Amino acid sequence: MNTQLAETGALLRLALRRDRVMAPVWILVVAMLVLSLPGSLESVYGTAAERERLLATMTANGSLRALYGPVFGDSIGALTAWRGGVFAGLLAGVMSLVIVVRHTREEEESGRQELLSAAMVGRRAPLTAALLAALTANAAAALLVTAGLAGRGAAGGLALGLGIGATGMLFAALAAIAAQLTESARLAKGLTGAFIGAAFVLRAAGDAGAPDGGSALTWISPLGWLEHVRAFAAERWWVLALFAAASAAQLVAAYALAARRDVGMSFLPARPGPARGRLGSAGALAWRLQRGALLGWSLGFLAAGVVFGGMTDGATELVGDNARTREIIERMGGQAGQAGQGVLADAFLATMAGMLAMVAALYIVSAVLRLSAEESGQRAEPLLANAVGRLRWAGGHLAVAFGGSALILLLAGLGLGIGHGEDIGGAVAATLGQLPAVWVIGALAALLHGAVPRFAVAAWAVAGAALALGWVGPALNLPQAVLDLSPFAHLPKLPGGQDPSWAPFVALTALAAALLAAALTALRRRDLAA
């Protein structure tokens, strides 16, 4: 046996055991994003004439092509690949980067990898085990998609499943390179996430300018390759070879870098502290640690707001007289039963504001769980050994998390108003109106960290469930009792024609405050994580 790979199997079993909750949740989210679409699409575009009108509208609408990509066929399978393929590939990429970084750079950062390397563990075994764990997750997602769409066409289901899995593995290989280059798991995730975002932007820019997806920008992006697999529309199997070649080249680079560095070291040097000035408080330290991530989220939300705002007129044109699509948008936008293009535009803006707020919940969870990273990385203990209390330490990070979520939603509202070209104040009110629900999810994350730090990662499942209910719940016509499990379902949808009641805003804000108080009380009373 190659000594460089010694005990790879043991490390893989350990990785799968550690991911036994997180990985299945990610796999189901990726698969259900696709498998929830055929039924709703069939109810919306049930006739060939309706599907032909959709193709004609999408061909002429660059803003919607930028979001979803071009449509290559008029079957329900082809529409499913169009509507969910890119987003499923994007989520598979995020899943892969989380898995790979968790079992490589995070292990080194915590010191566990050094202990394992002192035993009979090959030099390349940790990286190989992490990549195999990512391969297992992507293969499971691909299998679910293939099996779930087999009734629409075996070849198309296989092509889409393989395309999504291949996209995930390409970004897994990229995450493996980032884990060798950077000094921390946070930087590795940020670098890989930036490449995933750039891939989406390149694909969007290319598709906006080319109705057939033939732009050079689209072909530069791996998410563009996923489109060009053309599942259910004369599949292009050779495109999968592009994924294989790119992934193989990145894996060669990752293994070459891993062989040339010591455990815990990186190729990109750590930035030194400021030459002048000092960090005079726990809040200032929290701001310094989190400002880079907040800047990235802020720019992303501002850009997303502009794009979604600019899509409003095109979306109302796409809906046209389709009653089912109008019903879904109005249900998501909280204005069901009303009529008129202006009302439909308001419903679309309210829907986009709600979706951006649900994504903002992911930001607040990541910012709050920075407390867990500082504690598990044993960086909190030396700080708390000085004249810094736990409440001051936690309060600094929570202030950045809750204030940062308000900032990115403010910028998202500005972007929506600028993109739509009307009523910027109303767009800002629409996004900020969702802030109490975001704060409730952030407070739940803080409570999990304070009371049961081992299960703090479950906060991601809470945010993901809220996102899933808001994203696909109305399209699946789920009962209102199920939709009400999300805090977002209890807030008025703005902009709208009626003055909203203040009661839901006050109630959710009070709930968030109570959960935060409980979280800080629990944190103060427990021991620090070892």
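Predicted model: local features only at pLDDT ≥ 70, side-chain atom pairs only at ≥ 80, totals over all residues.
Which helix supplies the largest share of the lining of the second largest cavity? Rolling a probe the size of a water molecule over the atoms shows where empty space is left. The count comes to three cavities of 30 Å³ or more.

The second largest cavity has a volume of about 110 Å³. Helix α1 gives the largest share of its lining, with four residues. At least two lining residues come from each of α1 (8-18), α8 (112-117) and α9 (125-148). The lining includes L11, L14, A15 and R18. H103, E107, Q113 and L116 also belong to the lining of this cavity. P126, A129 and A130 complete the list. By residue class, the lining of the second largest cavity holds seven nonpolar, two polar and two charged residues.

The largest cavity has a volume of about 170 Å³. A total of 17 residues line this space, and F72, A81, W82, L226 and E227 are the closest to its centre. Three helices, α6 (76-102), α10 (154-181) and α13 (222-228), each contribute at least two residues to the lining of the largest cavity. The lining of the largest cavity divides into 14 nonpolar residues, one polar residue and two charged residues.

Notes
Residues numbered from 1 in each chain as written. Heavy atoms only, no water. 1 Å grid on protein atoms, 1.4 Å probe; cavity = no way out; pocket = protein on both sides within 12 Å on 5 of 7 lines; lining within 4 Å. Points joined across faces, edges and corners; volume = space filled by probe spheres on them. Nonpolar A, V, L, I, M, F, W, Y, C, P; charged D, E, K, R; others polar.
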